[in-house]
Amino acid sequence: MKQKRTLENLFLGISVLNLFVMYGMLLLSKGSFIEKITYSESNFIDFWSHIGRLLYSPSIYATDADAIFPPLAYLFLKLFAEPLRFKAENGNELWEISNSGYGILMVVMYFLLFVWLLGAGIYTYYKTNSYMKKQVLLGIFLFSYSIWGFAFERGNLVLYAMVFLMLGLALKDSPNKLLREAALIFVAVSAGFKLYPALFGFIWIAEKRYKEAARLVIYGLLAFFVPFLFVDSFTNYIHTFVQYLDKGMYSHASIWSAVFELFGNNQYTQLLCRLIVAAIILGSLFFIFVDGINWKTITLLMATQTVMIPEQYVYTYVFIMIPLICFLNEAGKRKIDYAYAVLFSTLFTLPPIFEGGRGRLMVWMWGGLWTAVLMDEIIFLVRRK
C-alpha cells in the first residue's frame, strides 16, 4: 500500500507541476503559447456544426459527409439545439446564434453536464479513500491537453462517448444489480454516440457473463435503431457513412497517416493500414481473453478508440483516462510501474517541447506508452506459459 501511495503521488505531483508550467508559459507569452496546445481558435466548431445541422437541415444525413454521428448522438444534441430553434426561425444564422448569449449558455451547459458526469465517473471508478486525490485527478483531466486543448476547443461529442464508457466500466462489478444493469446501458449509450466503443462489450464475454453480454447487445441495438424514429432515416445514414469512408482525410493521430507519411498513399499502403487496424483489434481482444481484465489489457484495448479511424484526431485521447484510472487502482506492485506513472502523467500534461505543437507530441507519447505495455504484456504471458 505504501508503494501504491507513492506511485499515485508521483503521478499526481508530476501532472500538477506540468500544468503549472503550462500556465506559466501562457502568462509569459501573453497567451500566444496557446497556439501550441490547441488546434485553433474555432469557437467549438464540432459542437456548432452538428447543432447547425439540427437547426437548419430537414435531413441531417443529407447535409455532408461529416454528419457521421449515429442517430442517438443527434438525439442527445437536440437537448442543446431545440432551445435555440426560435433564433433560427427568426432568421439568425448559425454564427450569430453561436455568438449570442443564449448560444454561449448552451455551450456552457454542454460542458457542465460533461464535468458533472466525469466527476461521478472518477468518484465511482477511482478506488481510493482520499477525496482530495479524486478531486486532484478530476482537475488534472479537465486541464489536460486532450480535454482542455482539443476536446473542449472543438466541443466534440467524444467527451460523452468516453464518460459513458467510463461509467459503464466503473459500475460493471457493482454489488447492486440495478447498477450493473445501468453499466450495460451506459456502454450501449457510448457505442450509440461513436460506434467503436462497442468493442468493450467483449469484456463481458471474456468474463463469461453471457447473459449480461446478451442484454448489452440488445441495449446496443436499441440505442442504434430506435433513435432513427426521431432523427432522419437509416438509409440516409448509410449513404452518409459511405461518403465518410471515401473522404480520404487522414489525421496525424491515426495509423493511416503514420503509414502514409512513411510509405506514401497507394492501394498497398491502404491494405497495410487495414491489416494493422485488424491486428490491433484482434490482438487487444486476444489479450483480454487470455490475461483477463486488468489495466494493461484495458490499455491495449483502448488503442481501438484512438488510432484506427483514418480521420481520428487527438481529442479521442480522452479515452486514455479510463486505462489510467485502472492503472492507479491496480499498480504499485512492480518497479516498472513508476515508469508507467511518469509516462501517463507526461502524456496528459507535458508542455510542448518542440516545433509542431502538442497534438503530434501526444501521438508519439501514446505510441510509446502503448508499445511499452504491449511488450510488457507479451513478456508476462511468455513467462507465465
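**Entry 1: Phe33**

I started with phenylalanine 33, which counts as buried at 9% relative accessibility. The model I am reading is a predicted one. Phenylalanine 33 sits in the loop between α1 and α2. Setting aside neighbours within four places in sequence, phenylalanine 33 is in contact with Met22, Met25, Leu26, Pro351 and Pro352. Phenylalanine 33 and proline 323 are 290 residues apart along the chain, and their C-alpha atoms are separated by 29 Å.

**Entry 2: Phe44**

I stayed in the loop between α1 and α2, where phenylalanine 44 also lies. Phenylalanine 44 has a positive phi of about 55°, although it is not a glycine. Is phenylalanine 44 buried, exposed or partly exposed? I noted a relative accessible area of 27%, so phenylalanine 44 is partly exposed.

**Entry 3: Lys208**

Lysine 208 is a residue other than glycine, and its phi is near 60°. I found lysine 208 in the loop between α11 (202-206) and α12 (210-225). Its relative accessible area is 63%, so lysine 208 is exposed.

**Entry 4: α1 against α18**

I turned to the packing of helix α1 (residues 2-28) on helix α18 (residues 336-349). Their axes are 9 Å apart, at an angle of about 25°. That angle is why I call α1 roughly parallel to α18. I noted the crossing of α1 and α18 as right-handed. On the α1 side I listed Gln3, Thr6, Leu7, Leu10, Phe11, Ile14, Ser15, Asn18 and Leu19. On the α18 side the contact is made by Asp337, Tyr338, Ala341, Val342, Phe344, Ser345, Thr346 and Thr349. I sorted the contact of α1 with α18 by class: 9 nonpolar, 7 polar and 1 charged.

**Entry 5: α2**

I checked the length of helix α2 (residues 45-56). At 1.5 Å a residue, its 12 residues should span 16 Å, and the end C-alpha atoms are 16 Å apart, so the two agree. Next I asked how many residues of α2 are buried. I found 9 of its 12 residues buried, which leaves α2 mostly covered. The buried ones are Asp46, Phe47, Trp48, His50, Ile51, Gly52, Arg53, Leu54 and Leu55. I noted Asp46 and Arg53 among them. What covers the buried residues of α2? I found that the cover includes α3 (71-81), α4 (85-89), α5 (94-98), α6 (101-125) and α8 (145-154).

I followed α6 next. This helix has 25 residues and reaches 36 Å from its first C-alpha to its last, close to the 36 Å expected at 1.5 Å a residue. Its buried residues are Gly103, Met106, Val107, Tyr110, Phe111, Phe114, Leu117, Leu118, Gly121, Ile122 and Tyr125.

I then looked at α6 beside helix α9 (residues 158-171). They pack at an angle of about 25°, with their axes 9 Å apart. I therefore logged α6 as roughly parallel to α9. The crossing of α6 and α9 is left-handed. From α6 the contact takes in Tyr110, Phe111, Leu113, Phe114, Leu117, Leu118, Ala120, Gly121, Ile122, Thr124 and Tyr125. From α9 I noted Leu159, Tyr160, Met162, Val163, Phe164, Met166, Leu167, Leu169, Ala170 and Leu171. By class, the contact of α6 with α9 has 19 nonpolar, 2 polar and no charged residues.

**Entry 6: α14 against α15**

I looked up helix α14 (residues 255-263) and helix α15 (residues 267-291). Their axes come within 10 Å and cross at roughly 140°. I noted the crossing of α14 past α15 as right-handed. α14 contributes Ile255, Trp256, Val259, Phe260 and Phe263 to the contact. α15 contributes Thr269, Gln270, Leu272, Cys273, Arg274, Ile276, Val277 and Ile280. I counted the classes in the contact of α14 with α15 as 10 nonpolar, 2 polar and 1 charged.

**Entry 7: Leu300**

I finished with leucine 300, which lies in helix α16 (residues 295-302). Is leucine 300 buried or exposed? At 2% relative accessibility, I counted leucine 300 as buried. Beyond its neighbours within four places in sequence, leucine 300 is in contact with Ser284, Phe287, Trp370, Val373, Leu374 and Glu377. I also looked up arginine 334, which is 34 residues from leucine 300 along the chain. The C-alpha atoms of leucine 300 and arginine 334 are separated by 19 Å.

How values were computed
Residues are numbered from 1 along each chain as its sequence is written. This is a predicted model: local features need pLDDT of at least 70, side-chain atom pairs count only at pLDDT 80 or more; totals for chains, interfaces and linings use all residues. Side-chain values use heavy atoms; hydrogens and water are left out. Helices (H or I, at least four residues) and strands (E, at least two) are DSSP runs, numbered from the N terminus. The expected span of a helix is 1.5 Å times one less than its number of residues. Buried means under 20% relative accessible area, exposed over 50%, partly exposed in between (1.4 Å probe, protein chains only). Contact means heavy atoms within 4.5 Å. Axes are lines fitted to C-alpha atoms, for helices over the stretch in contact, and angles run from 0 to 180 degrees between N-to-C directions. A crossing is left-handed if the near helix is turned anticlockwise from the far one by less than a right angle, and right-handed if clockwise. Ala, Val, Leu, Ile, Met, Phe, Trp, Tyr, Cys and Pro count as nonpolar, Asp, Glu, Lys and Arg as charged, and the others, Gly among them, as polar. Angles under 35 degrees count as roughly parallel, over 145 as roughly antiparallel, 65 to 115 as roughly perpendicular and the rest as oblique.
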